[in-house]
Amino acid sequence: MANPDIIVIGAGHNGLVAATYLARAGRKVLVLERREVPGGQLAGDARIGAFATRPIHAGGQLRADIVRDLGLANHGLASEASADAGAYLAPLPDGRMLRLAASTDAATLDSIRALSPRDAERWPEFVRFMNSAAAYLEAGQATPMPRLANADLLEQGRPLAALAWKLRRLGRTDMFRFMRVLTMSAVEFAEEWFESEPLRAAIGAVAIHGVSIGSMSAGGGYVLIHNWLNRGGLAHRGTRGGAQDMVNALVAALRARGGELRTSAPVAQVLVERQVVRGVRLESGEEILAGTVLSDADPRRTLLGLVGAPELPPEFVWQAQSIKMRGSVAKVHVLTDGQHGIPGGTVVIAPTTKYLERAYDAAKYGQVSEHPYLELTHSGDVVSIHYQFAPYSLRGGDWQAMRATLERRAIATVSERFAGFRDSIREVRSITPFDLEQTWALTEGDLNHGQLILDQLLFMRPIPGWSDHRTPVDGLYLCGSGVHGGGGVSGVSGRNAARRVLRVSARG
Amino acid sequence: MNDAPYSLYRLKRTPFHERVAPLCLPQNWRRWAGCITVGSYDLGIDREYWAIRDAAALIDVSPLMKYLVEGPDAARLLDRITPRNIHKMAIGQVFYTGWCDDDGKLLDDGTVTRLGERSFRLTSAEPSLRWLAMNAVGMDVTITEATDRMAALSLQGPKSRAVLNRCCEDGLDTLRFFRMAPNRLGGRSVTISRTGYTGDLGYEIWMDAADALPVWDAIMAAGADHGIVPCGILAMDMARVEAGLFMIDVDYTAANHAWIAGQKSSPYEMGLGWTVNLDKPGYFVGRRALEREHREGSAWRLVGLEVDWEGLERVYAEVGLPPQIPGTAVRGSLPVMRDRQQVGYASTSTWSPILKKYIALVHLERPHFEPGTRVEIEITVEHHRRYAPGTVVALPFYEPEWKKK
């Protein structure tokens, strides 16, 4: 494409969502992807292993309004979550299984009642509150956050007031519950609701999933609501057809609106002249000029890597350096003969809340958890293991040396619960935080482009005062997970960024 | 020699302490950047002041903060921090400059000396290591603090060149204003820059701290029959006001020291518009804000004020006194009025012995800063507020023809 209006760096799902929104508004959009394939974390990598070309995320769905706005159903994306989502399953010490659905079906209530009749009574109210909290968070993610010191109340006051009114309308009880839960730890929150330890731990696991915090760390409550919103409950729920369908539909929708996607086109430099963006230079040396550039890369990589600290104000550089990335998730993909014995759905290995905290303790000291918190999903013969904690920064060692240990501990932990697993294994391929950085360009292997912790959320994401997708470089916007609304698979930050760009250009 | 507990409470001493301490007869010490330095060597400062203007005054300026900036990106770092175009500097050239935060407000001011293609020395009034490091992210550059390991002397006055020509290996006749050259003095390696803080002919001599005493001795010996006088910072303070040179946290508040936005000053407001190079390529700290101020004009300007002697006499005559003028520069804010409305303030005022005038560095609001504007400055006469008339003038007040020759 010659002379695009807008360049989007990165064809992750947020980059594609932003690009398609912009193309829909009539802009000439060029998406540049460094890898051979689009999709970001939704696309695996063939070099990791022939069978292990699986996405990093076990599930994920775009928000319904995005699917609708971009007409993704016309491009092969099922408009609803897959029906066979399966339940959220936690193996119990006695060999039974705690089975939780995000609804109040009889099987779920029976399963909880076997542990605690009182907890079974409370479950429907818990699900109702979580759904209500998640819906409120969704509204919050759709609301532009104020720029702290530079807040423009004329522009931002009304949506913020609307958000505050929505909070009030949750009702007195839920409003206070919601405000309290944000800062609570997973343990505190789960203990307040339930008395059964396996149930508390199963919920607590979702409250630390993907984030470098323990079950006793503040802020687990927020993560629980965030993950509940993205998953639609406790269990992963993919779109029918899976992640690849989502990527294909986004690419098709982009192209249908005249947008262009170039893969194997890594950007080396965002071109900036006097704090105004001019375009990009590819690693090949080719320069493509555009007055607007959106980056789906994480904020640290975008600002300090692609733009470069010398083009940015010193205090801003300091803050960009201070964004906490700290990835501590690894993936282990296992090809089996099919006799692994793991049930469908999302299986969590987190027997107690203390087990979760101890798994996290290791990460604090730069070690791989000996007894990790795992989440298992499988499709046919391939079992995918989400391993937490596997910190990016290892004390006294590197990830090439630790890979074998990681795989051994994953297999041992699964085998303890599923006896047939070990013998069913044919091949093992793992993705360490180092791989996430090298192959997926995720700084410090952070899946969320910045930790989902309280001081990096809402108007403080990615940097206090810069939550509205803008940067100190005019015309350069952030559209990835690292900005407000991001974290996990939802497309929210891509959608919000595109709206921001269109609002700015509407003003002239 | 010193008990450990005592030394904890002791101010830092400069490398020249051993020489200056016995000469400091009135024990008039001042504190400068954590160091104990001589305020004056005598009860009055006339002799030291007149050495600056008529002979040669030797001033210990070692407390200045000094940094070495070296590496492939050394010029790039200083070009980013300061508003001047560092890439255009010749080796051996010295730039005076202020530098700003990203809101275009002054953080500090000092000199940049290009020692080599990839090597610079920066002087500042305040510790600047963190600011330098924060701005060096992503650059190939090393920053070394040299404040304590380097000593510095300022030799100021019309005879300073003759004194140095007598004790330096290489003559100083070809060293131009704001240029620097390596030299040998008293058998020691030094660099000499034709710079200073007095507005007179003058040089600054930079050396290893270990060489401080022999260099001091050599200069004093060479200057004996040129009337050289060791000079404290009080006399220098008078001279710098005459030269229209301002001082951090006296005449402007460093942006990172200010409690409120109104205390901050921009380079344009301080008369340093000539150092702001908006045409240079790339980002530099404060560019956006300085571009805006350049476009819209500054609200304030630092200018000079010459007080009418007759007006002073009149105000004092009302109570039966001749004008009472302090013998040193006064660092106190004095309101400046026009038509009974306050239009600004003086930050430093002094009697100028060479001009025979009472002068002040004043900050005036637009449009009152135009030269020739008649204003009044507040003075306290026998405990009562009075206003003495004066005229706004361009800076400097005093610039001898030999300063740049």
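**Close-up views of a predicted model**

View 1. Leaving aside residues up to four places away in sequence, A:L100 is in contact (heavy atoms within 4.5 Å) with A:A87, A:Y88, A:T108, A:I112, A:W123, A:L199, A:A202 and A:L234. Residues are numbered from 1 along each chain as its sequence is written, and chains are lettered from A in the order in which they are written. As this is a predicted model, local features need pLDDT of at least 70 and side-chain atom pairs count only at pLDDT 80 or more, while totals for chains use all residues.

**View 2. The largest nonpolar core.** Here, a nonpolar core is a set of buried Ala, Val, Leu, Ile, Met, Phe, Trp, Tyr and Cys residues joined through side-chain atoms within 4.5 Å; buried means under 20% relative accessible area with a 1.4 Å probe, protein chains only. This core has 57 residues, and those with the most contacts inside it are A:Y88, A:L100, A:W123, A:F126 and A:F189. Its largest share, eleven residues, comes from helix 4 (residues 117-142) of chain A; helices are DSSP runs of H or I with at least four residues, numbered from the N terminus.

**View 3. Another core, apart from the largest one.** Look here for 35 residues, including A:Y21, A:I66, A:M246 and A:L294.

**View 4. Chain B, taken as a whole.** Ten helices and 20 strands (E runs of at least two residues) make up its secondary structure. Along its principal axes, the C-alpha trace of chain B spans about 60 × 50 × 50 Å. Of the 405 residues in chain B, 56% are buried.

Terms used
Side-chain values use heavy atoms; hydrogens and water are left out. Buried means under 20% relative accessible area, exposed over 50%, partly exposed in between (1.4 Å probe, protein chains only).
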